[in-house]
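Dear colleague,

Please look through it before reading my notes.

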Amino acid sequence: MVSVQFILAIGEDLLVESFVHYDRMFTVDGYTDFQGHSRFFSHEYNNKLSDFKKTGYFTLHTSSLYYQDQQLLQKLFALSQKALQALNVERDITPFHFEWFYSDKDQSFVFTEVGKRFGGAKIPKLVKQSFGVDLLEEYWKMQERRAEEIDWEQPLSPRVCSSSYVQLTNGKTMMESLEEKIPDLFTYEQNHPVGVQSQAAESIGDAFFLAQYTSKDAAASDMVSAKINKAFNEVCR
């Protein structure tokens with residue numbers, strides 16, 4: 001169970017809170033000009049972010065829905081499109097990052113968060129690697145009114161599954177970098193110095209390192225992330 005909170009400004013601040021069950025968590029990222037030009041891409045967490053202190057790491061990868069259920073993927077995009085109408089600012093090029101809880105039993109999505117920005121964990125790089133679409137480059141072309149330079153054909157399937165792996169700090173010391181040990185790596189950032197003791201993570205932003213890699217599909221990504229975590233534990237003292 002997880003709490004979903006909303007702040008309502010009706011004369012005064014009011015807090016509405018609902019506890020919902022969820023099995024998986026999806027993101028939807030892209031941008032729109034509310035005039036017919038838009039991009040929608042989905043990613044998925046390999047485990048519950050609410051359990052980050054238990055797992056010690058998380059992976060955000062190309063959504064399994066691309067491989068397993070395109071109809072459900074289109075439902076997710078339609079829900080995001082509907083929610084976007086509340087953000088509609090005339091002639092504004094709007095980037096967005098949605099997060100949705102999903103119940104396998106009910107096959108239902110529950111809205112949890114939206115930001116007027118591109119998603120963290122270097123999501124634009126995941127999109128570029130999997131779909132060949134450079135969200136940041138396109139966004140600035142739209143700002144410069146160069147929409148005619150963009151190929152608007154929407155890729156329906158990813159070329160590869162791309163993943164962002166984030167290893168959280170744990171109060172211990174990471175003795176060596178894993179940059180040379182991760183297969184099919186395209187980004188590696190050491191956010192906490194090697195050889196320096198860390199504090200236990202209090203949020204998902206407290207990370208030893210971020211690594212981005214490609215794999216065949218979502219299932220293969222999960223196998224790689226488990227191997228990375230095992231390798232991390234072997235170099236942690």
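What follows is a short account of what was found in it.

This is a predicted model, in which local features need pLDDT of at least 70 and side-chain atom pairs count only at pLDDT 80 or more, while totals for chains, interfaces and linings use all residues. Residues are numbered from 1 along each chain as its sequence is written, and side-chain values use heavy atoms, with hydrogens and water left out.

I begin with the strands (E, at least two residues) and helices (H or I, at least four), which are DSSP runs numbered from the N terminus. Strand 5, residues 57–62, has six of its six residues buried, so it is largely enclosed by the rest of the structure; buried means under 20% relative accessible area, with a 1.4 Å probe and protein chains only. Strand 5 pairs in the antiparallel sense with strand 4 over three bridges, and with strand 8 (residues 161–168) over five bridges, where pairing requires that DSSP finds at least two bridges between two strands. Histidine 43 stands opposite threonine 62 of strand 5, and phenylalanine 58 has valine 166 in strand 8 as its bridge partner.

Helix 5 (residues 135–143) has as its buried residues Leu135, Glu138, Tyr139, Lys141 and Met142. Because these cover an arc of only 165° around the axis, they lie on the same side of helix 5, the arc being that of the directions from the helix axis to the C-beta atoms. Among the elements that cover these buried residues are strand 3 (24–32), strand 6 and helix 4 (123–131). At the start of helix 5, a side-chain oxygen of aspartate 134 comes within 3.3 Å of the backbone nitrogen of leucine 136, and just after helix 5, arginine 145 takes a positive phi of about 60°.

Threonine 94 belongs to strand 6 (residues 94–103) and is buried, with a relative accessible area of 0%. Neighbours within four places in sequence aside, threonine 94 is in contact with Gly30, Tyr31, Thr32, Phe34 and Lys116, contact meaning heavy atoms within 4.5 Å.

The largest nonpolar core has 44 residues, of which Val28 and Phe109 touch the most other members; such a core is a set of buried Ala, Val, Leu, Ile, Met, Phe, Trp, Tyr and Cys residues joined through side-chain atoms within 4.5 Å. Apart from it lies another core of 15 residues, including Tyr165 and Phe232.

With best wishes

Conventions
Buried means under 20% relative accessible area, exposed over 50%, partly exposed in between (1.4 Å probe, protein chains only). A polar contact is a pair of N or O atoms within 3.5 Å; within protein, one must be able to donate a hydrogen and the other to accept it, and residues adjacent in sequence count only if both atoms are side-chain atoms.
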